[in-house]
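Here is a briefing on one protein model. Please look over the sequence and the structure before reading on.

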Amino acid sequence: MATKGKRNPSAPSFASSVGGQLYPFPINLTTLEQFFHTQLTEKSGKELLDSLRLDIPESKNSEEFVLSRVGKKLYKAFYLDYTLTEIQFLLIHCIVEYSMCLRTSVD
């Protein structure tokens, strides 16, 4: 179990390409500093996120959930393209699976 303020060494860490720049992902303090070109403390990073978040008391879908956590700017930069790519993958996968299950030929 991760402790507040400490990184879980077993948690995966990736780089996300945004506008040709690589940023640590999942979003952390370093990501925020690089993305907004400013130095932040834990407190000022939390305040920044608080100012960006959309007030969505009950998320109805994953987009609303992420918007309520990181706001539009970070959502568009880090999550929107990823989400669209995943949706495209799932649609293609479903089409392939569907065509494999239903054939009009005998072989």
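In H2, the buried residues include Gly45, Leu48 and Leu49. They lie on the same side of H2, because they span an arc of only 95° around the axis. That arc is taken over the directions from the helix axis to the C-beta atoms. Buried means under 20% relative accessible area, exposed means over 50%, and partly exposed lies in between (1.4 Å probe, protein chains only). Lys43, Lys46 and Ser51 are exposed and sit on the face of H2 turned away from its buried side.

This is a predicted model, in which local features need pLDDT of at least 70 and side-chain atom pairs count only at pLDDT 80 or more, while totals for chains, interfaces and linings use all residues. Residues are numbered from 1 along each chain as its sequence is written, and side-chain values use heavy atoms, with hydrogens and water left out.

**Overall layout**

- The protein has 3 helices and 2 strands.
- Helices (H or I, at least four residues) and strands (E, at least two) are DSSP runs, numbered from the N terminus.
- Along the sequence, the pattern reads β-β-α-α-α.
- The protein has 107 residues, and 20% of them are buried.
- Of the contacts between residues at least 6 apart in sequence, 24% join residues at least 24 apart. Contact means heavy atoms within 4.5 Å.

**Salt bridges**

- Side chains of opposite charge can pair when their charged atoms come close.
- A salt bridge here is a side-chain nitrogen of Lys or Arg within 4 Å of a carboxyl oxygen of Asp or Glu. By this rule there are 2 salt bridges.
- One of them joins the side chains of Asp50 and Lys46, at 3.1 Å from N to O.
- Asp50 and Lys46 both belong to helix H2 (residues 42-52). They are 4 residues apart, about one turn of the helix.
- Asp50 also forms a salt bridge with Arg53, at 2.2 Å from N to O.
- Asp50 counts as partly exposed, because its relative accessibility is 37%. Arg53 is partly exposed too, at 33% relative accessibility.

**The second largest pocket**

- The second largest pocket holds about 180 Å³ of space.
- Its lining has 10 residues, and the closest to its centre are Ser16, Phe25, Phe78, Tyr79 and Tyr82.
- Strand S1 (14-18) and helix H3 (62-101) are the elements that give two or more residues to this lining.
- H3 gives the largest share of the lining, 6 residues.
- By class, the lining of the second largest pocket has 6 nonpolar, 3 polar and 1 charged residues.
- Ala, Val, Leu, Ile, Met, Phe, Trp, Tyr, Cys and Pro count as nonpolar; Asp, Glu, Lys and Arg count as charged; the others, Gly among them, count as polar.
- On a 1 Å grid over the protein atoms alone, a pocket is an open set of points with protein on both sides within 12 Å along at least five of seven lines; lining residues have an atom within 4 Å of a point.
- Grid points are joined across faces, edges and corners, and a volume is the space filled by probe spheres set on the points.

**Serine 16**

- Ser16 lies in strand S1.
- Ser16 counts as buried, because its relative accessibility is 15%.
- Neighbours within four places in sequence aside, Ser16 is in contact with Gln21, Leu22, Tyr23, Phe25 and Phe78.

**Backbone exceptions**

- Most residues other than glycine have a negative phi, and most peptide bonds are trans.
- The peptide bond from Phe25 to Pro26 is cis, with omega near 10°.
- Pro26 sits in the loop between strand S2 (21-25) and helix H1 (29-36).
- His37 is not a glycine, yet has a positive phi of about 50°.
- His37 lies in the loop between H1 and H2. It counts as exposed, because its relative accessibility is 70%.

**Two residues of helix H3**

- Phe65 is found in helix H3. At 42% relative accessibility, Phe65 counts as partly exposed.
- Phe65 and Leu54 are 11 residues apart along the chain, and their C-alpha atoms are separated by 9.4 Å.
- Glu63 is also placed in helix H3. Glu63 is partly exposed, with a relative accessible area of 38%.
- Glu63 and Tyr79 are 16 residues apart in sequence and 8.7 Å apart in space, C-alpha to C-alpha.

Technical notes
1 Å grid on protein atoms, 1.4 Å probe; cavity = no way out; pocket = protein on both sides within 12 Å on 5 of 7 lines; lining within 4 Å.
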